[in-house]
Amino acid sequence: MVKGVKIAIATTIALLALTSLATAQDLTTSADVLDIFKRPNTSEILQGSFAVLAAYGLLFLIRVGTDILSEQVPRRFRLIIKQSVPFLKGIVLIVTIAYLLPLFLNLTGSNLLALTGTIAVALGFAFKDYASSIIAGVVNLFEGPFRMGDRIQIGDHYGEVIDYGLRGVRLQTPDDNAVTIPHNVTWTNPISNANSGQLEAQVMTEFYFAHEANTELAVEILYQAAYSSRYTQLKLPVMVVVSEETWATHLKLRSYPMDARDEYVYKTDLILRIKKACARHQLPYPRTLGEEEM
């Protein structure tokens with residue numbers, strides 16, 4: 001599907017370019033001179049400068065304001081506020097461009113056609129990667145594979161979506177690094193979404209025990225650790241899955257924190273609780289090859 005979309009976009013750009021070039025050639029032959037760009041006066045230049053500054057100011061206020069507001073409202077509304085950021089940014093950009101175009105361009109029918117051709121050629125050749133990222137960003141905005149506040153993995157990068165820009169999406173990784181990924185990368189790479197717009201995201205905590213360990217007791221300890229943690233969302237299911245490896249019994253605890261942002265704090269809390277209980281009941285861990293020889 002992605003390949004088909006790219007082919008359709010490339011074909012559209014090529015057709016626009018060919019049509020506009022042909023029109024421009026006809027107009028030149030008939031001695032019609034296109035005067036696309038205006039000669040703005042001082043007032044128009046000031047208006048344009050003010051519009052650009054106002055747009056930057058609004059974008060800054062949207063980013064900072066939504067960050068502050070999302071931390072003040074009840075937890076269930078936090079993601080709703082964050083998810084409105086891309087749409088608010090898009091409205092500001094569209095209004096600003098619509099205001100600036102008449103100030104600096106003669107928007108007649110022939111000029112629009114020639115300008116469209118120029119833009120199509122530029123996007124098709126000089127800025128194809130940038131244009132691809134912008135188009136992919138618009139597609140992602142409406143398809144919704146991820147939203148602001150989601151915890152996603154694209155390629156080797158995993159983190160929370162903290163910004164959705166014109167060219168790319170920015171993730172905050174567990175190491176507190178900000179990684180910007182171009183939107184066109186999402187067309188060719190699988191996207192793993194841990195919470196899909198929900199406040200909770202499943203956390204899997206794994207433990208290995210020796211084969212002679214009391215498996216039923218180990219399972220009970222994992223359940224107790226999850227139900228006693230102050231981070232656990234008790235409205236969602238808690239499950240322990242047991243599997244056998246050649247060298248150990250493998251237990252997976254699947255549970256949900258109340259807030260996906262507490263993923264690593266929650267996992268640490270579970271591990272500490274489980275290890276404390278295992279030490280109290282003297283549940284044996286699997287031995288390594290060196291330990292068995294000793």
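K89 is buried, with 14% relative accessible area. In this predicted model, K89 pairs with D163 in a salt bridge. The whole structure holds 7 salt bridges.

**K89 and D163**
- The closest N and O atoms of K89 and D163 are 2.7 Å apart.
- D163 has a relative accessible area of 14%. The cut-off for buried is under 20%, so D163 is buried.
- K89 and D163 also belong to a network with R170, joined through salt bridges that share partners.

**D67 and K82**
- A salt bridge brings the side chains of D67 and K82 together, at 3.4 Å from N to O.
- This pair links distant parts of the chain. D67 is in helix α2 (residues 42-72), and K82 is in helix α3 (residues 78-83). They are 15 residues apart.
- Why does D67 count as partly exposed? Its relative accessibility is 31%, and partly exposed covers values between the 20% limit for buried and the 50% limit for exposed.
- K82 counts as buried because its relative accessibility is 10%.

**R151 and E160**
- R151 forms a salt bridge with E160. Their closest N and O atoms are 3.8 Å apart.
- The cut-off for a salt bridge is within 4 Å, so a pair at this distance qualifies.
- Are R151 and E160 buried or exposed? Both residues are buried.

Notes: Residues numbered from 1 in each chain as written. Predicted model: local features only at pLDDT ≥ 70, side-chain atom pairs only at ≥ 80, totals over all residues. Heavy atoms only, no water. Helix = DSSP H or I, 4+ residues; strand = E, 2+ residues; numbered from the N terminus. Buried < 20%, exposed > 50% of the residue type's maximum accessible area, 1.4 Å probe, protein only.
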